[in-house]
Amino acid sequence: MLHRKTVVMASVLAGFVLACGPEASNTTGAGGAGGTGGAGGAGGSGGSGTTPDPAGPKDPGAALKAAIFVGSCVPDDGIQRVLNRFHTERGTPDELALTNYTQCFAEKANGCQAVEECLGVKIDLSGPCMPTCTGDVLKVCDDQLAFTVDCSKVGTTCSEAEGNCVGAAMPGPTCDPGSFQASCQDGAPRVCNGSEVSGPVCADYGLTCKDAPFGGVACLGTGATCQTDLVGPLEINYDKGLACDGTALRACVNGGEHAIECGTLVTGFTCQTMGVANFCGLANECDPTPGNDTTCEGDSVVICNAGKIEKIDCKSLGFTSCNATFGTCGPSVYDQAPMP
């Protein structure tokens, strides 16, 4: 049975980079870092791999379409939360796997085939299974969910030993998470995830690497101490807005205040206020920050797109209908599963 809130994506999409090796941030060929809000361009994947997004702010239209395709076809957090990630997350370990490939979806109109073409991912209910590789094609399961992944789409190779797609970088030393002492090395968090893992260079985002209020180290805003939830020591997220300063958002980033110019995240974004919520967005017709589920109106999916209420006809993207149970476009794996 497929439950919207409990399905785990088996770390397949995140694994594209999480399994690339702890030294991935130092890999030769990686793109340069962006400004305080923009992620750097990724290194070319070569061959028939998908071209990463260019450095700088995201295209809002491409991000919206990518969120509908991924949120409808990959059982995880749904369209709204995927879209929020595209808008607010930068420098995270799985950035190359998902948030750095939105532009590929800009001209797609072929349903879940678009996810296979852009990310190399197909999903069905043929599980369970053991991880296997056929060339660079990985098959891995999470209970009945079976993921077939063409690792080469994002410049990686298939590893049965890891049960994932892995990059060319050599892994760091193995470590014990219980005894490892996290630290800042060369301006980036260095933590233990079974192997030593380096996060982004904090200064590339206008942040500083230091001890975090929640323990360990992270990239923190350089301003006053503030209260935020722990997402992960390697993550940078601008979703905890405190106030607007003109077009800039004053956000709490891992326990430190930081001002981010909204237009550096997504083209056309300015700082918006709705009730007590402050966020980078397009309007203040709705509050995107809770990540509420999307809904259906006929064959259209209704989304809070950065504060603007959008109704997107699923048929215009190559789907046939909107699944009112999950607020997704279909057909997809959501439609194949038993009702919750």
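The structure holds 14 disulfides, a disulfide being a pair of cysteine sulfur atoms within 2.5 Å. This is a predicted model, in which local features need pLDDT of at least 70 and side-chain atom pairs count only at pLDDT 80 or more, while totals for chains, interfaces and linings use all residues. Residues are numbered from 1 along each chain as its sequence is written, and side-chain values use heavy atoms, with hydrogens and water left out.

**Exercise 1.** Find which parts of the chain are tied together by Cys262 and Cys280.

Solution. Begin with the bond itself, a disulfide with an S to S distance of 2.1 Å between Cys262 and Cys280. Strands here are DSSP runs (E, at least two residues), numbered from the N terminus. The link of Cys262 and Cys280 is left-handed, with -70° about the S-S bond. Finally, Cys262 is buried at a relative accessible area of 0%, and Cys280 also counts as buried, at 11%; buried means under 20% relative accessible area, exposed over 50%, and partly exposed in between (1.4 Å probe, protein chains only).

**Exercise 2.** Decide whether Cys296 is buried, partly exposed or exposed, and describe the disulfide that joins Cys296 to Cys322.

Solution. The sulfur atoms of Cys296 and Cys322 are 1.9 Å apart. Because the torsion about their S-S bond is about -75°, the disulfide is left-handed. Cys296 belongs to strand S19 (residues 295-297) and Cys322 to strand S22 (residues 321-323), so this pair ties together parts 26 residues apart in sequence. With 22% relative accessibility, Cys296 counts as partly exposed, whereas Cys322, at 11%, is buried.

**Exercise 3.** State where the chain has pLDDT under 50, pLDDT being the predictor's confidence in each residue, from 0 to 100.

Solution. Start from the whole protein chain, whose mean pLDDT is 84, with 81% of its residues reaching 70 or more. Then turn to residues 1-12, where pLDDT stays under 50 and the model has 43 contacts beyond four places in sequence, a contact meaning heavy atoms within 4.5 Å. Residues 14-47 also have pLDDT below 50, and this stretch has 92 contacts in the model beyond near neighbours in sequence. Where pLDDT is low, the predicted coordinates should not be read in detail.

Terms used:
Helix = DSSP H or I, 4+ residues; strand = E, 2+ residues; numbered from the N terminus.
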